[in-house]
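The sequence and the structure are shown first.

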Amino acid sequence: PLSKKKSCSRHCSRIKRHMNQKPSKRIAFLLGSGVSIPAGFPNVGDITKRVLSGENVVRHSDSTYYIDETARPDYMPPNLWKEGIPEISGFLKLMSEKIQKPDKKRKPENYEFLFYLVNQLCFQEWGVIENPLIIPFWESIKPEVQKILQEKRASSNSEEFLIESENYIQDVVAALLRRPPDKLDYLNLFMECHQDPDFEHLDIFTLNHDLLMEEFFKSHSIEYTDGFDDVVDNLRIWNSQNLESNKNKTRLLKLHGSINWCGYSYHKDDVSISFKAIAEGTSEFNVLNYKGHSLSPPDKRLFLTGTNNKMLNYNLGIWTELHYEFFKSLNKINRMIIIGYGFGDMGINQRIREFLSKKPDTKMVVVDRETSQLERKIFFRFKAKGWKKHEKLEFIESSIEDVSWDQIKSLL
């Protein structure tokens, strides 16, 4: 065994070797919802208000909820109806009121937490996961829920109602995000980074479901890899092997999925074949055939909603592949830039903690309007005040609209 003195000497030498290494030719961004706000996309509060009010939300004959700003309460086209929406929005408002604390300084719960709560109630009803804190809460509101359903002559099956409430929240979120961006020019720092010869690989990880980055890349003719194949029969099929290709310098990986991702399936020799895909040039409901096979109607959109329940999905299907790429990428880089992220995802935070703790030469640059508040949150959640002291953490107090690539690069 090594003596304490020799062990310390060897450890110090290893640190010096790391510190003298040249910066990696790879770099990664992690983007949160704050990146999309300047483009006119709704914030969490806006989405929550619409979910709770049900304003102009309609249910289509394809079982999907849409937002029709021209909808009139006195007339509904034959393929649209409002039935069931007041019951769901009333149920969500009931839960929101029940979980509020009397402290007025506390922010009201948002749609993400409400989805998480409904998800926990689903698990409780199915007997899949037992949460002892959920049981008394559910028992306390169940009579009121049953009363809502009976008064409106809706289904009294609480399991179906809870599942429909989940679908309602996700569909409203998708409907609000399915809109063109108001502007794209404030994202030019990504083009400058893409063109920067000092970096050979650029990974952009985003937690957003909207199509903002795709629209930006398209407007600037930037070729990128996102894990989906080229178009065949109006579909781009998910194929994680594409992420191993060095065909393009830039990769876009959506760790929480996207409003245009769907699950499809068809039958071949009495076997069901399922896959994930993006419909190109048409609605996902208009894609009826793939390579000569008749497709079943698409499953619900593939994006994650909620809070702590998201981590359960990180180990399932397409999410496993995406988060494995996140893990691998952070092992290859020593510099990461975070913009618009509030550090509220426990699974993502764990990856960040590992990234900054594994090697002495790793560094994170955080861009935010209010760095003092975010700094306190980071130090509280990560218990790592030494990060700033050892220059592993830098802050730029700025909005994404005002920060430049040169300003970010100077701190890398």
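## Terms and basis

A salt bridge is taken here as a side-chain nitrogen of Lys or Arg within 4 Å of a carboxyl oxygen of Asp or Glu. The model is predicted, and local features need pLDDT of at least 70, side-chain atom pairs count only at pLDDT 80 or more, while totals for chains, interfaces and linings use all residues. Residues are numbered from 1 along each chain as its sequence is written, and side-chain values use heavy atoms, with hydrogens and water left out.

## The chain as a whole

The chain holds 14 helices and 15 strands, where helices (H or I, at least four residues) and strands (E, at least two) are DSSP runs numbered from the N terminus. Of the 412 residues in the chain, 48% are buried; buried means under 20% relative accessible area, exposed over 50%, and partly exposed in between (1.4 Å probe, protein chains only).

Taking a contact as heavy atoms within 4.5 Å, 74% of the contacts in the chain between residues at least 6 apart in sequence join residues at least 24 apart.

Glu 244 and Lys 328 form a salt bridge whose closest N and O atoms are 2.6 Å apart. Because Glu 244 lies in the loop between strand 7 (235–237) and strand 8 (250–254), and Lys 328 in helix 10 (residues 317–332), the pair ties together parts that are 84 residues apart in sequence. Glu 244 is partly exposed, with a relative accessible area of 48%, whereas Lys 328, at 16%, counts as buried. Through salt bridges that share partners, Asp 203, Glu 244, Arg 251, Glu 325 and Lys 328 are joined into one network.

## Two further pairs

The whole structure contains 20 salt bridges, and one of them links the side chains of Lys 310 and Glu 112 at 3.6 Å, N to O. Lys 310 belongs to helix 9 (residues 310–313) and Glu 112 to helix 4 (residues 111–126), so this pair ties together parts that are 198 residues apart in sequence. Lys 310 and Glu 112 are both buried.

In another salt bridge, the side chains of Lys 183 and Glu 401 meet at 2.8 Å, N to O. Since Lys 183 sits in the loop between helix 6 (158–177) and helix 7 (188–195), and Glu 401 in the loop between strand 15 (393–397) and helix 14 (405–409), the pair ties together parts that are 218 residues apart in sequence. Lys 183 counts as partly exposed at 33% relative accessibility, and Glu 401 is partly exposed with a relative accessible area of 32%.
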